[in-house]
Amino acid sequence: MKGDRVEIVVDAGDTTRTYEVVASRAGRRVETAVRRGVVEVSEVTRTGAVVRTARFMANRVLALVEQPVPRHTSEGAGRGVRPLGDVPES
């Protein structure tokens, strides 16, 4: 979904580097896979076509943070989010 984001923190010898893969358009999502010692983070379209891929050696990856966009549930769809202080008493 547009706005999905994955941050990858990689050991670059004497420092760390942070990379970010973001689903940039509507209908795209970000998928993560770990295969044969390689971490792949890909932006994928609705049909499954890969738009871009970032690959890192798994032993160099320090952190992989997935930050999905909040999705509406069927029971809460269309409702705004209220702070706890505004909850009516029963």
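Two residues are in contact when heavy atoms of theirs lie within 4.5 Å. Keep that in mind for the views below, which show a predicted model.

View 1. You'll find 6 strands and 0 helices here, so reading from the N terminus simply gives β-β-β-β-β-β. Take the contacts between residues at least 6 apart in sequence: 37% of them join residues at least 24 apart. Of the 90 residues, 21% are buried. The chain exposes about 6,900 Å², with carbon and sulfur atoms supplying 49% of that.

**View 2. A pair of rings, Tyr 19 and Phe 56.** The structure holds 1 aromatic pair. Its ring centres, in Tyr 19 and Phe 56, sit 5.2 Å apart, and the planes meet at 45°, so we call the pair tilted. This pair ties together distant parts of the chain: Tyr 19 belongs to strand 2 and Phe 56 to strand 5 (residues 50-57), 37 residues apart. How covered are the two partners? Tyr 19 is partly exposed, at a relative accessible area of 36%, while Phe 56 comes in at 12%, so Phe 56 is buried.

View 3. Look for Arg 28 in the loop that runs between strand 2 (16-22) and strand 3 (29-35). Is Arg 28 buried or exposed? Its relative accessible area is 15%, and the cut-off for buried is under 20%, so Arg 28 counts as buried. The Arg 28 side chain also makes a polar contact with the side chain of Glu 43, at 3.3 Å.

Technical notes. Residues are numbered from 1 along each chain as its sequence is written. This is a predicted model: local features need pLDDT of at least 70, side-chain atom pairs count only at pLDDT 80 or more; totals for chains, interfaces and linings use all residues. Side-chain values use heavy atoms; hydrogens and water are left out. Helices (H or I, at least four residues) and strands (E, at least two) are DSSP runs, numbered from the N terminus. Buried means under 20% relative accessible area, exposed over 50%, partly exposed in between (1.4 Å probe, protein chains only). A polar contact is a pair of N or O atoms within 3.5 Å; within protein, one must be able to donate a hydrogen and the other to accept it, and residues adjacent in sequence count only if both atoms are side-chain atoms. Accessible areas come from the Shrake-Rupley method with a 1.4 Å probe; for residues, only the protein chains shown count as cover. Rings of Phe, Tyr and Trp (its six-membered ring) pair if their centres lie within 6.5 Å; planes under 30 degrees apart count as stacked, over 60 as edge-to-face and the rest as tilted.
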